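Here is a short briefing for a reader new to this structure. It goes topic by topic.

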Amino acid sequence: MKTNPVRISLAVFVTVAVLLGAALLSAAGLPAVAGPQRRPLYQGGAPTVVSYQGQVTVDGTPWNTTGYFKFAIMDSATGDGTTNYWANDNTASGQPAASVSLTVANGLFNVLLGDTGMTALPATAFDGTERYLRVWFSTDDSTFTPLDPNRRIAAVPYALQAEEALNAWRLTGNAGTTPGTYFLGTTDNVALEFHVNGARALRLEPHSISPNVIGGYSGNWVTSGVRGATIGGGGYSATSNRVTDRYGTVGGGGNNQAGNNNVATDDATYATVGGGYHNIASSVDATVGGGTDNTASGWYATVPGGHSNTAQGLYSFAAGRRAKANHQGAFVWADSTDANFASTANDQFSVRASGGVNFTTGAAPFLVNGNAFAVTGTVWSLGGNAGTTPGADYLGTSDAVSLTLATNGTAAVRIDTAGNVGLGTNSPAERLTVRGNALVLGEDNPVAQGFTSANLSYPDSVFVSGSYAYVASYDNGLVIFDISDPTNPVTTSLTSTNLQGSVSVFVSGSYAYVASWENNRLAIFDISDPTNPVDTSFTTASLDGPDSVFVAGRYAYVASRVNNRLVIFDISDPANPVVTGYTSTNLYHPNSVFVVGRYAYVLEGIGELTVVDVSDPANPVPTGSTSTNLDGASSVFVSGRYAYVTSWNNDRLVIFDISDPANPVATGRTSANLDAPGSVFVAGRYAYVTSSNNDRLAVFDISDPANPVAQGFTSSYLDAPSSVFVAGRYAYVTSSNNSRLAVFAVNNLEAPAGEVGSLQAGDLQVSDNARVGNDLHVQGSLNVGPGGALVGGDLGVEGDLRVVGSTIARVTTVFASTTLTVKQSGVVLVNNGAAATITLPAAASAEGVTFTIKRLTANAVTVDTAGGKIDGDTSQTLAARYDFITVVSNGFHWWIISH
């Protein structure tokens with residue numbers, strides 16, 4: 001059928017407000033035809049369809065049956081244009097592929113654009129100022145003719161944009177908002193500013209980890225790259241406040257600085273200036289409270305205020321006027337004299353007080369400088385006295401009057417004329433009277449509490465964690481006991497899956513690791529529910545007669561007796577333990593292993609202690625060894641700088657100084673109360689040893705390692721005891737021949753263990769190991785000395801993790817393009833001979849894992865990822881030689897933490 005050009009005799013839009021459609025239609029000379037609406041116009045809502053009406057003729061005759069149409073809103077007044085802002089089938093440009101069938105009567109048709117059967121009409125279609133409607137028509141849904149010309153869209157449809165205004169914050173406030181969903185701010189990486197009277201008063205700068213908050217004068221600023229900075233306010237022309245290092249704070253005032261402003265943004269973190277004028281806190285955790293011209297430049301240094309004070313020593317304090325705390329730990333207090341007053345040594349307390357120093361206690365003043373006091377006879381010095389004569393020189397009274405020691409003006413200790421001592425009471429009735437709770441225990445023998453033989457047959461090893469004891473029972477596997485009542489250990493569960501001849505058990509986190517002798521296995525059990533241990537996996541790799549297992553961090557160390565090996569397994573995935581490395585050097589029938597830091601201490605059955613460097617688990621290297629005083633070594637326990645070894649054949653407990661791992665030196669030994677000693681456990685100043693042939697648990701004072709002293713022993717409940725574990729105030733012992741787990745109270749005045757319902761101490765010092773069965777909560781800071789911190793399970797840090805000094809991490813060197821694995825986490829050095837791409841593992845499989853990748857050569861290095869993005873990009877480039885990048889995975893993407 002021949003089709004003449006089709007023309008539009010009328011086109012009308014009706015949107016948002018009902019009066020607009022009628023106005024346009026009347027202007028065209030035709031009555032308004034109102035289409036159905038998707039929702040009523042109430043509560044400020046807008047319809048989401050546009051009504052359009054037109055007329056078509058074919059060969060000059062109005063069309064009078066079904067017609068086929070296509071519609072598009074585009075950017076061109078003629079032709080098909082280049083962009084469709086909307087089409088009835090969502091075609092991006094030009095003529096839509098799908099059509100819409102409409103009834104045409106007398107040439108007239110009516111349609112709701114965006115209604116059912118078409119793509120929804122979005123408000124964004126009208127974001128621009130020039131929009132045109134183009135219509136195509138066909139009588140047979142085959143050949144389509146555009147209806148020319150395109151119709152320019154008038155202002156009325158832009159009312160759809162008003163829908164977006166409903167989400168705005170009103171000047172009079174909003175109701176019905178949802179925190180987290182509705183917010184005032186930006187959604188892109190752009191700072192947000194608040195102005196008053198046209199000037200900036202508050203600026204919020206975005207950062208993926210912690211945003212910066214900058215208040216006050218518009219010239220206040222934070223160095224680029226800094227995060228977590230806060231400027232509360234203050235500042236004015238030429239006296240701006242600034243933060244130059246991460247997490248710094250300036251409360252207010254003027255011309256104040258938190259940080260050292262030396263380009264780097266992470267070497268003077270957490271500095272604080274409270275206010276005042278021209279104050280600088282320029283080191284880690286340094287603080288200036290206020291005042292004028294004060295500087296805190298030492299780590300953790302403090303100037304509370306005053307004028308022209310300087311605290312530049314670590315932990316130093318300077319206050320007053322021109323006080324100079326130049327040394328570590330110095331405390332300098334200067335009066336108003338206009339002259340410098342400086343410290344002269346570390347940890348010194350210095351006071352300049354030209355008006356005198358007045359210390360007053362009660363009604364009796366103690367005056368110094370200007371008000372001298374007279375002293376008759378000799379006095380006890382605060383720093384102690386020398387040359388005293390016992391009996392003739394003493395601290396106390398010389399008449400029939402009680403001696404009282406007071407704190408904060410209140411009597412704390414009373415010694416009466418009869419020699420009775422009262423703590424917390426002024427009327428001691430006995431030699432020692434304590435008001436309040438107290439428990440004093442003498443150095444007694446271990447006291448039997450209870451035992452159980454339930455489900456045990458030749459128990460060989462015990463490990464205590466929390467309220468449970470885990471026993472490796474040779475004939476019936478892993479048995480778990482509830483020991484919350486030490487007088488009545490109760491079986492919680494048992495399992496023999498994958499076990500045949502269980503000889504050693506070690507618990508770390510939610511898993512128990514069991515050495516199984518007869519089937520040459522290391523078996524792993526999930527014990528997160530102690531009532532239902534679940535076999536997770538096992539391995540026989542490199543094992544023949546495994547006799548002892550020790551877990552440290554992500555590795556399990558197994559002494560494999562028959563094939564003379566120390567085998568190391570990567571257990572980061574407990575469901576798939578993997579052999580990392582092993583050594584047989586200097587080992588013959590190894591039967592016990594203990595790991596501390598980078599060294600494993602392994603016993604040979606013939607009687608030798610071997611120290612193995614395991615800092616590279618793939619290549620354990622024997623470092624030193626000794627057989628001094630040993631004959632048939634049985635068990636090793638390491639505490640501090642000493643290793644404690646039981647020697648079976650010559651009935652000894654032998655102590656070695658291992659401060660030099662390459663040369664362990666025998667320090668002391670004892671045979672007291674021992675006959676075929678087996679297992680040793682050290683707690684505090686005591687060593688607990690099982691003695692098989694005389695059925696004893698023997699206790700030794702090892703406060704002097706050169707001279708261990710026997711304290712006592714017990715034979716109760718025991719017949720050939722094989723293993724001991726001390727936790728809290730109890731020792732748990734497996735007894736082989738009578739198949740028992742026995743519990744003993746270990747009562748000592750200087751207790752190797754303590755069980756306290758609630759303990760508050762200003763200073764707690766532990767000379768040796770501290771073991772916490774359940775959770776350890778530290779409200780302040782946790783400081784670990786040079787011995788390091790070894791974490792057996794996961795380490796979670798909710799705040800910041802700061803390392804003073806260096807961290808020891810795995811170092812991997814690659815020479816070409818490489819896809820990294822999680823096991824290579826740490827430092828990756830790229831020594832590439834040509835351009836290389838280093839691909840990180842998928843972020844989803846590496847949550848919490850950190851990589852530092854450093855370019856060593858002049859050849860290009862690109863860092864890519866097998867899954868997730870790196871700071872929002874698909875890759876990162878190390879632009880120059882020696883450039884590096886440090887990234888961490890949050891389980892979804894990799895994020896740059898240093899570059």
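A pocket here is an open set of points on a 1 Å grid over the protein atoms alone, with protein on both sides within 12 Å along at least five of seven lines; lining residues have an atom within 4 Å of a point. Grid points are joined across faces, edges and corners, and a volume is the space filled by probe spheres set on the points. The model is predicted: local features need pLDDT of at least 70, side-chain atom pairs count only at pLDDT 80 or more, and totals for chains, interfaces and linings use all residues. Residues are numbered from 1 along each chain as its sequence is written, and side-chain values use heavy atoms, with hydrogens and water left out.

**Second largest pocket**
- The second largest pocket holds about 350 Å³ of space.
- Its lining has 15 residues, and His207, Ser208, Ile209, Asp871 and Ile896 lie nearest the centre.
- By class, 5 lining residues are nonpolar, 6 polar and 4 charged. Ala, Val, Leu, Ile, Met, Phe, Trp, Tyr, Cys and Pro count as nonpolar, Asp, Glu, Lys and Arg as charged, and the others, Gly among them, as polar.

**The chain overall**
- The chain has 2 helices and 72 strands. These are DSSP runs numbered from the N terminus: helices are H or I with at least four residues, strands E with at least two.
- Of the 899 residues, 41% are buried. Buried means under 20% relative accessible area, exposed over 50%, and partly exposed in between (1.4 Å probe, protein chains only).
- Among contacts between residues at least 6 apart in sequence, 40% join residues at least 24 apart. A contact means heavy atoms within 4.5 Å.

**Strand β63 and its partners**
- Strand β36 (residues 447-452) pairs with β63 in the antiparallel sense over 5 bridges. Two strands pair if DSSP finds at least two bridges between them.
- Alanine 448 stands opposite phenylalanine 744 of β63.
- Strand β62 (residues 730-735) also runs antiparallel to β63, joined by 6 bridges. Here tyrosine 730 has alanine 745 as its bridge partner.
- The hairpin of β62 and β63 has 4 residues between the strands, and serine 739 takes a positive phi near 50° there.

**Nonpolar core**
- The largest nonpolar core has 97 residues; Leu478, Tyr557, Val593, Leu609, Val636 and Tyr688 touch the most other members. Such a core is a set of buried Ala, Val, Leu, Ile, Met, Phe, Trp, Tyr and Cys residues joined through side-chain atoms within 4.5 Å.
- Leaving aside residues up to four places away in sequence, valine 593 has contacts that include Tyr557, Leu566, Val602 and Val636.

**Backbone points to check**
- Most residues other than glycine have a negative phi, and most peptide bonds are trans.
- Aspartate 148 and proline 149 are joined by a cis peptide bond, with omega about 0°. Proline 149 lies in strand β10 (residues 145-152).
- Asparagine 197 has a positive phi of about 55°. It sits in the loop between β11 (192-196) and β12 (199-205), and it is exposed, with a relative accessible area of 81%.
- Alanine 676 also has a positive phi, near 60°. Its loop runs between β56 (665-670) and β57 (677-683), and alanine 676 is buried, at 1% relative accessible area.

Notes:
On a 1 Å grid over the protein atoms alone, a cavity is a set of points where a 1.4 Å probe fits but cannot get out, and a pocket is an open set with protein on both sides within 12 Å along at least five of seven lines; lining residues have an atom within 4 Å of a point.
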